[in-house]
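User: Hi, I'm new to this one. Can you walk me through it?
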Amino acid sequence: MPTLTIDNQQVTVAEGATVLEAAEQLGIIVPHFCYHKALGAVGACRMCAVTVVEGAQKGLQMSCLIPAEAGMRVTTGDPQSTSFRARVGEWLMLNHPHDCPVCDEGGECQLQEMTIASGHGIRRYAGKKRTYNNQQLGPFIVQEMNRCIQCYRCVRTYQDYCGGRDFGVLGSRDRVFFGRFQAGMLESDFSGNIVDACPTGVFTDKTYRFKSRYWDLQEAPSICPHCSLGCATIPGGRFRELQRVRSGINQKTNGYFICDRGRFGSGYVNHPERPRQLHSRGRELNLAEAVRWLDVQARELLEQQGPEAVLLLGSNRASLESNWLLQQWAIDLGCKVPLLSAHIPRHQAAQVAAFDFSDRLASLEQLRSSDLVVLFGADPLAEGPTLALALRQVVRAGGAVIVYDPRPLELPCEFDHQSLTPVQLHELLSAEKGPEIDRLCELLQRAAQPVLVGGGDLLGAGGLLKLKKLAKRVSNAERACLLLPLLGAANSFGAALLSPAEQDDLLTRLETGRVKMLVCLETDPLLEAPQGERFADALAKLDELVVFDYLPTPLSVHASLFLPTCAPLETVGTFVNNGGRMQRFAPVIEPGLPIAVTGDGDHPPREFLSATPGDEPRPAWQLLQWLMDDRRELSQLHGQMVAQLPRLDGLTELRPGDSGLRVRNADERSVIVEDLPEQPAGTLQLLVSPARYGSDLCSRFSAKLTPRFSPAILRLNPQDAAERELSAGDPVVLDCDLGSFKFCLQLSEQLAAGCALVENSGAFPHLVPGDRLSFCAVGAEVQL
Amino acid sequence: MNREQLLFKNRRPGETVFLAGYRATGGYQSLQQALRDLTPEALRQRVKDSNLRGRGGAGFPTGVKWNFFPADQPGPKYLVCNCDEMEPGTYKDGELLLADPHQLVEGMILSAFALQTDIGYIFIRYAYAQQAENLRRAIVEATEAGFLGQNILGSGFNFELHLHSSAGRYILGEETALLNGLEGKRPNPRLKPPFPAVKGLFGRPTTVNNVETLANIQHIVSGGAEWFRALALTEEGSGTKLYGLSGHLNRTECFELPVGMPLRQLIEEFGAGVWRGRKFKACLPGGASTPYLTAEHLDVALDFDSLEAVGSRFGTAGVTVFDDRTCMVAATLNLIRFFARESCGWCTPCRDGLTMVRWLLETIETGQGTPEHLEMLKDQLQQISGNSFCALAEGAMGPVAGLLTHFEQEIIDHLEKGRCPFQ
C-alpha cells in the first residue's frame, strides 16, 4: 500500500495501482484516452502525461503506465506536463472534423472534454485533413472514421475483450483504419460495446441516430430484462420513447460491457402494438372501475365456487414486488397460493438455484477471476451472453473453459467442447467413477477457484442437483467449488425464492374445470411455457381471463379483462439474478405514446390534451396494491417483505445503480425430480434451444433485432442424417408431442449424435426451451 | 591504418561465397573451437570483454544485453536476428549477406550457444530477396555439414535456424514490433517492461541482435577480446564497422573500416571526395535518424561516444553526404516524409506529431512560412523527443534537431525570402 504525493496531496493506494488511478482517487482526473478501466493501459495516446519529481523514473511520464511507488512526488499541473498535454490535444485534433453540431456524440464526447482539459484551443495546423471512406457495418452501428483519434479502444474492446474477429486495425501511420476487411454487419454478439468504448463519434448507435442530444435524454440505472444474468444498463428515453440502451457498470455482474440483445433489444417498450389501454370484453370500465370489478368478481367466484375458482399466476418477468403482492392478494382473497411460473420445469430448476445452490452461488465477478470453469448443458451466447464475455476473460488470464453440451457451441474464446446428449450429460453427472468424471474431478480439485455453470433448461432441476453434488465432491477445506445456474428469465430466481416447495401444475388445475378465473401477471403461457396448445384448449373452460402485461402477447388479445402495465424501465422494482443478487431498477421514462408516434414522424403535435395519450399502463405492483386498497410506499412494502422473508435482508436499502446484494443463504429444498423417460427406439432426443435473439419475449418484440433473428432450421449430426437419407438443405418434418413442424435441415459435426436441435424464436413459438426431455422423429417432408 | 577485413574478407564484386569458400578462409573454425573449448559463460564473457556494441543503430553493448538473458532458464528461448534494414542511407547488412551469408549463420550458432537457445529466427525484409535466397542456401549447407540441427559437432548442443521473410516496414526494426510481426501480429511496438529478455517471442526469453553484430561473434571467438578491441582507432571503441557511403560523393560504396575513422578521411579517401568538385555541407553520420554533422565536425572520430559528444549518433554508420548546394530544409523534409509514412500509427506524437512537423517543413520550404512556424517547429522538437512510445519518433526528430542546431539561419532565409533560396 504505497503512499505518494500528487499535487501536494498525499494518497495511499493499493499495490500495483498506477499514478493515474492514484490521482483519480484524489479526485484529480488526468486527461486520458487509451486508458479504460476494463481495457487497461497501453500508453498509446500519451495524453495522461504528468511530471514525476521524485521517483524511480523522473521527468515527464505517462501516468497510466507507471506504478505508484512509496514516497513518489508527482505534479500534474506543472508547465512541462500541461504544455505537453496541450500538444497532444493539438495532435489528436489535427484531422478531427468540425462537425460537432451534427455529431451524435456531442455532449457525451470524451474528446470534447479531454481536449478542453488538455488546454488545446486554437488549431494551428492548416494542412490537408486526412479523410476516409466509411463502411456500412450493419443495422446497429454507424462508422464515421474521419472523427477517429486512434485511441485503439474499439479494437481492444471488440477483439481483445469481446473476442470478435471481423473487426480490427488496418493500415498504418496517420491512416490507421478501424473497421472490417469489407463492409458488412459486425458479426460479434457484443458489437454495440464499441459505441460505449469509442471516446468520440466514430462509432455511434445507428438505432439512436439523430434522435436526441445526450443532455435531453432521460436516463436512469436499470437491469437488463433479457436473460437471468441481470446486467446493469442505462436506458435513455425522450418524449416517452425509449431511444437507446447503454451499458451500466457493475463489477459484480457485467463489468463494463453488455451484449447486443440487451443493447438493441429494447424495442418492445415502444412496440406499435403494445397494448396501452385497458380493455374489458362487453363492459365499459375505466381503470378504477376495472380494478374494483376484478376484486369483486374474484371474491364472488371464490364465495360461490370455492378456493380453487380463482387462480393467480405470477411470472419470472414480473418484479419481486409484483410477485410478492400477488401472493398477498391471494391471502387477502382467500384463494390458493399463486403459481409464480407457468413453466414448471424451469421453475423447478430455479428453485434448485434459489435454495440448494444458495450457499455457493458465484457472481460473474468471481467467475471472471476463476481458473477453471466447467459448463454443463449451457449455451452462454443464447442463455446469458455476458457469461460468454466473462469466460473469455477467464481464458485471457490463463484459465481454462470446458463445456459439456450437445449443441454445436460457439464462444468468443478457446474452450474444450465435449459433445454429449442430454441423457449422457445426466449419466456423466451421476457417475461415481469413470474415465471422464475422474479426469474432470481431478482437474476441478487441482483448480484454485473452480466454477461449475449449469444450464437450467437442459439439465432441469434433477441435473442441477447432480451438479451440486459434483461441486461438493470437488470442494475442499480451503475453497468451495462455486456454482452458477443459467435460468429462464430476469427474475426466475426471485419468483422461485418466493414460491413454496410444493406447487401444482397449471395445466392440471385448469383442466379440472374448477378454475373459473385465471389472472396472469406479466406472463403468457401460450408463448412462455411448454404445451401452449394444451393451455389454449384449457382457456375455454374459464369464465374470466385477466391479463396484466406490457407486451402485445396473444394472450392479451384473448383476455376478458386486460390491464396494461408498465415495462420494467417505466417503473421501479427489484429483480433477483441467477447468482441470487437483488438489484433495483429505476424508472427511466413515463408510460405513454411516444410523441414521435402521435406526431406522425414530423413536428410534435400542436393539439393539447388534458391527459397523455396512451398513459394508462400502471406498474403491476401498483395495480395489485389498489386491489387490496393498500396505500403504502414501496419502501414500507420492502420492510414487510424482509420481515416475512429474512432472506431478502437488505432489500430496503437497495438503490438503483448500486452493485446489488446477495440474498441470504437458505436450507436445501430437495425438489422431487422425475426420472428421465425411456427413449423409444428410432427416435432422437429433442433439443429446443433458445435462439440468441428473439427467444425471450422482450427481444422477440424488438423490431431492431430483426436482422439477427435466426431462420427456421433443424440441425442433425451428419451420421443421423445419413441414417435417414437426408442431406443439408433438405426440407424436413419434425414430429414430436407438440405436433409436426417443418424446417430446413442443416448438418453439424459438433452436434451430439442422437439429437435433433431446433431454436426457439418467433418462427416457432410453440417449441419452448427448458421442457422435460422428450423425443422426436425427423423425416423428409413428403411432397404431395 | 590497419585495414583488417573480418566481415568482408570474402567479398568479391558480383560474387557470393557459400560454404566451400567460407570454410577456405577459416569459416566455422570458431564454432568448432568454441564448442570444444568454451563454456557458454566463457563465450558471453569474451563478448562482454570485447566491448562489442550493437551495430543496428542503438549501440547497446552486446555483452551487457546478453547478461540480461536468462540463459540457464529451462524451456524454449529464442535468438532473433534483426535484418529489417530499411532506414534511408543504411544498406550494410544487405551488402554483407550478398557477399558472405555464412558469416551470419556461424555468428548466430555461436550466439545461440552462448545464450543456450535452441531456436533462432532471421527476420528479413521482403526487399532483400537475393539475400534471403543466399541465407536459405547457407542454412541448408550448414545443416548438411552438421553445423545446425541436433547435437552440433558432437557437443550435445542443438540449434535450428529459420528464415522469416516479412512484408516488412521500417517499424519492424524496433525489436518488440519485430517480435509481434514474427508472431503474425500487427507490428506495433510492445510495452516495456517486460523486456524481450524476460518475455519476448511467444512470451519466452528472447534476444534480438542485428546482422552485423552477430556476424562479429566468430571473429571475437577466434581473435580474442583484446585483439578485437585493438582493431578500433579510438581508445573506447572496438572492432571494425561496415560504413555505407551514400549521397553526394564520388564513390558511394560500403567499406569495412575500423571503428573510429575520422570523418574527413572517410569522405576524402574512401568516398573519393564530394562529387562535382563541390564542397561538403553536412552529413548524416549513421543513417537517417542521426542529427547532421557539418564541416566543423570533419575531424571527429566516427565512434559511439565521440559522436554523442558532438550531439549526433554513430547509428548504423550509414554516412549520407550533402553538398553545398543542398537545401537542408528540403533534405530534412524528405527524411521526415519517410518517417511520417513509416510510423506504425500507435502513439500520438509519432502518428500525428510527425504529420505536423512534415506540414511545418512543407510550409517553410514552399516559402509560406512565418517566424511563428519556426517557433512551432522548435516546440514540436522539444515535445516529441523523448515522449513517444518507441524510438521511431525520437529518431525521426534527429535530422530536425540537427537542422535547428546547425542550419537555423537557412530556415530564416526561407522565411525572409518567401521561397527556397536554393531554387
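User: In what sense do β27(A) and strand β31 (residues 755-760) of chain A pair, and over how many bridges?
Analyst: The two pair in the parallel sense, over 6 bridges. Two strands pair if DSSP finds at least two bridges between them. Strands (E, at least two residues) and helices (H or I, at least four) are DSSP runs, numbered from the N terminus. Ser689(A) stands opposite Glu759(A) in β31(A).

User: Before we go on, what am I looking at, and how is it numbered?
Analyst: This is a predicted model: local features need pLDDT of at least 70, side-chain atom pairs count only at pLDDT 80 or more, and totals for chains, interfaces and linings use all residues. Residues are numbered from 1 along each chain as its sequence is written, while chains are lettered from A and ligands numbered from 1 in the order in which they are written.

User: Back to β27(A). Which strand do 2 bridges join to it?
Analyst: That is strand β32 (residues 775-780) of chain A, and the two run antiparallel. Leu684(A) stands opposite Cys776(A) in β32(A).

User: Why is strand β27 (residues 684-690) of chain A called largely enclosed?
Analyst: Because 6 of its 7 residues are buried, the rest of the structure largely encloses β27(A). Buried means that 20 or more other C-beta atoms lie within 10 Å of the residue's own, with C-beta atoms placed from the backbone.

User: What is the strand order in the open sheet of 5 strands in chain A?
Analyst: The order is β2-β1-β5-β3-β4, with mixed pairing. The edges are β2 (9-12) and β4 (59-62) of chain A, each pairing on one side only. Neighbouring strands of this sheet are turned by 35° against each other on average, direction ignored.

User: How do β3 and β5 of chain A pair?
Analyst: Strand β3 (residues 49-54) and strand β5 (residues 73-75) of chain A pair in the antiparallel sense over 3 bridges. Val52(A) has Val74(A) in β5(A) as its bridge partner.

User: Which strands does α2(A) lie across?
Analyst: β3, β4 and β5 of chain A; α2(A) runs at about 160° to β3(A). Axes are lines fitted to C-alpha atoms, for helices over the stretch in contact, and angles run from 0 to 180 degrees between N-to-C directions.

User: How many residues does each chain give to the contact between them?
Analyst: Chain A gives 21 residues and chain B gives 22 residues. Two residues are in contact if their C-beta atoms, placed from the backbone, lie within 7 Å. Helix α2 (residues 79-92) of chain A gives the most to chain A's side, with 5 residues.

User: Switching to chain B. What domains does its assignment give?
Analyst: Domain 1 (19-229), domain 2 (232-323) and domain 3 (328-417). The bounds come from an automatic or database domain assignment. The C-alpha centres of domain 1 and domain 2 of chain B lie 26 Å apart. Their contact takes 20 residues from domain 1 of chain B and 18 residues from domain 2 of chain B. On the domain 1 side, α5(B) gives the most, with 3 residues.

User: And what does α14(B) pack against?
Analyst: Its buried residues pack against β8 (280-284), β11 (318-323), α15 (348-365), α17 (391-406) and α18 (408-417) of chain B. Among those buried residues are Leu333(B), Ile336(B) and Phe339(B).

Key
A residue is buried if 20 or more other C-beta atoms lie within 10 Å of its own, exposed if 12 or fewer, and partly exposed in between; C-beta atoms are placed from the backbone.
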